[in-house]
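Morning, everyone. Please have a look at the structure on the screen, and then I'll walk you through it.

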Amino acid sequence: MDMNTKLSAKLPIRSWMIVTLIIATGLALSAAEKPAPEKISMEKALAVALENNQEYKIARYRLGEAREKVRASWGQLMPVLESEASMLRQGAESGFLSLSDGQYDIKFVQLRFGINPGIFYNSLKLSQKNHVVAQEEVRRIKGDIEYNVVKSYFGALLAAEMIKLRKESMELLKGNLKDVESMFRTGSVPRFEVLQAEVQLKSQEPLLLDAENNYAVSLDMLNFHLGAGGTKYTVDEEVLKSELYRRPEGDDDRKTEYLSSVALRNRPEIIQIERRKEMAEHARGIDSSHYLWPTFTVGGYYGATKFMPNPVDLSIQPAVGPPISPDMSAITGNRDWQNTWQVRVAATYRWGALIPTDPTRAAEREGELKLKEAEEELLKLKRLVSISVHSNYSRLVSSYLAIKSQRDNVITASEGLRIARESYRAGVIKNSDLLGAELAFTNARTGYINAVYGYHVSLARLKKEIGTDDARIIMEDKQ
């Protein structure tokens, strides 16, 4: 008898029951399904995406950095206030320096201030334009996030509705197959119609598998844009029950021109390029200020100084009496602490900046090229924005018209399918006619779902193109 057999013989039956229960519970927990994804509304999805998006957070941090650069530019107007203690040691065999071995200095208050007016003005404007660029970058990233969330959200809704549609089609075709088989057994229809119904039912199975796969991929993409790990969130189908679909008011040609003008004024990318163009001008102004403006400086201090004078070997022999050594302390100083102060005002002009090979002149010419580059980039973007606004506006209008027509078409196709089923059971029509009615209903539902998806995506894209999250600009007629 081995060790396991001996141990099992010693264990009571109740212990074996407990062990078995623990093992079974562990297996059940390991085989349990993952918790169902949480349904999330569109508004909450946008809030979650903005909260979790790292690129959006980085843009906000950079906005803070740009704000600090503006404050640093204003800081050029602040003088430097400081205190200083120093010791100077020196030696010389002859001359003025030989009169002292050095000195100790304590500067209680020391002020230094220097500024080039041209450099200050252009650097301040440069930092302010950079701050605007950072603000527009935050808006641009926010617009991209909102568009991607809307597109993936309604993409998942579209995939979910396609699964429902495929399942409904399969249920209809299963019922149709039962009816055909029943009629075949009574001799009402030939074997061909049974085979036709079976083929039609089997053809829906790969379509259902494709729809389920598309739904899984769409959910993964939605959760990716929401910054959620795994499949944490799913869509809320209640959105599709909304009847709040509006057509933009006003004449289409005039409306697209208006939206294009709004985009050219408000699109973050256009504002960024315009500000970068101005930044290039100010950067060039900083370089040219080196030879256009002098640098003005003001400095001064108040403190105490202690000299370390050397004795002066100078004596005058009078005609009568001992030699006389003159008092040289006014020149060499003495070993007592003395109050000292100094004020200095200067204007320094850098002549070397006039030379064409000076680094500042090369930087100035580089700024001119960057300015021309920004102008060309701005022209290109403006043309692209105008084209994109026209195309997305057309998609929005066509999607609205498709929703309106397909909603009625679904109702008509559903009623036609009901009549076709009753007519087939009554022997009035053939099975191929019934399958045609079912296909018409499927196409009508598919067209409606695609139109809803196209409407929301086109609206989100148009809002992104004109740089706003206010749909009233698009929908209302602005005279």
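Let's start with a term. Buried means under 20% relative accessible area, exposed means over 50%, and partly exposed is in between, using a 1.4 Å probe and protein chains only. By that rule, tyrosine 245 is buried, and tyrosine 455 is buried too.

A word on the source. This is a predicted model, where local features need pLDDT of at least 70, side-chain atom pairs count only at pLDDT 80 or more, and totals for chains, interfaces and linings use all residues. Residues are numbered from 1 along each chain as its sequence is written, and side-chain values use heavy atoms, with hydrogens and water left out.

Now the rings. How many aromatic pairs does the structure hold? Five. Rings of Phe, Tyr and Trp (its six-membered ring) pair if their centres lie within 6.5 Å; planes under 30 degrees apart are stacked, over 60 edge-to-face, and the rest tilted.

Tryptophan 74 sits in helix 4 (residues 54-74) and phenylalanine 120 in helix 5, 46 residues apart. Helices here are DSSP runs of H or I, at least four residues; strands are runs of E, at least two; both are numbered from the N terminus. Tryptophan 74 is partly exposed, at 44% relative accessible area. Phenylalanine 120 is buried, at 13%.

Back to our two tyrosines. The ring centres of tyrosine 245 and tyrosine 455 are 5.2 Å apart and the planes stand at 90°, so this pair is edge-to-face. Tyrosine 245 is in the loop between strand 4 (233-235) and helix 7 (252-266), and tyrosine 455 is in helix 11 (residues 431-466), so the pair ties together parts 210 residues apart in sequence.
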